[in-house]
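Please consider the structure shown below with attention to its charged side chains and to the packing of its helices. The account moves from one topic to the other.

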Amino acid sequence: MTRQGFYTIGGAVQSTDGLYITRRADQELLEFCRNGEFVYVLAHRQCGKSSLMNHAAETLLQESVQSVRIDLSSIGSEIDSDASIAINQWYGSLLDDIESQLSLSTDVLNWWQLNSGLTPTARLVRFFREVVLEEINEPI
């Protein structure tokens, strides 16, 4: 990413640093988030998805709303020959992102292993209920 004056060349534009042009999608995403709706941001490469998510997260944080931005492409989609390991690594990476962004005190990878008797989806739901909602007092 290169910054030249107030332009950003490559990478996400930060709404507080550089030129950020608010779009209709900014308001739509904020309204969905404020209403507690689950939102996917899908579009082709280099059209502003990260900038859109960053802008929304910064705005929500000013409103005392915590958010987590997850880039599924950074977690990966490959499943190796031992699918159970790959699935646990995928979910572990997801939980690690959430732990880091929300500054959770729970060791999520240890928590994940301790709850290994449940399916990955059931563990994820339990993680949100027992860890995230218990540790975060602000709206998420």
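Predicted model: local features only at pLDDT ≥ 70, side-chain atom pairs only at ≥ 80, totals over all residues.

Residues are numbered from 1 along each chain as its sequence is written, and side-chain values use heavy atoms, with hydrogens and water left out.

Side chains of opposite charge can pair when their charged atoms come close. The structure holds five salt bridges, a salt bridge being a side-chain nitrogen of Lys or Arg within 4 Å of a carboxyl oxygen of Asp or Glu. One of them joins Glu31 to Arg34, with the closest N and O atoms 2.9 Å apart. Both residues belong to helix H1 (residues 24–34), where three residues, about one turn of the helix, separate them. Helices are DSSP runs of H or I with at least four residues, numbered from the N terminus, while strands are runs of E with at least two.

Arg34 also forms a salt bridge with Glu63, and here the closest N and O atoms are 2.5 Å apart. This pair links distant parts of the chain, 29 residues apart: Arg34 lies in helix H1, and Glu63 in the loop between helix H2 (49–62) and helix H3 (72–75). Glu31 counts as partly exposed because its relative accessibility is 37%; buried means under 20% relative accessible area, exposed over 50%, and partly exposed in between (1.4 Å probe, protein chains only). Arg34, at 37%, is partly exposed, and Glu63 has a relative accessible area of 37% and is partly exposed.

A further salt bridge brings together the side chains of Glu130 and Arg126 (3.4 Å, N to O). These residues are separated by about one helical turn because they stand four residues apart in helix H6 (residues 120–135).

The helix pair comes next. H1 and H2 pack at an angle of about 50 degrees, their axes lying 10 Å apart; axes are lines fitted to C-alpha atoms, for helices over the stretch in contact, and angles run from 0 to 180 degrees between N-to-C directions. H1 is therefore oblique to H2, since angles under 35 degrees count as roughly parallel, over 145 as roughly antiparallel, 65 to 115 as roughly perpendicular and the rest as oblique.
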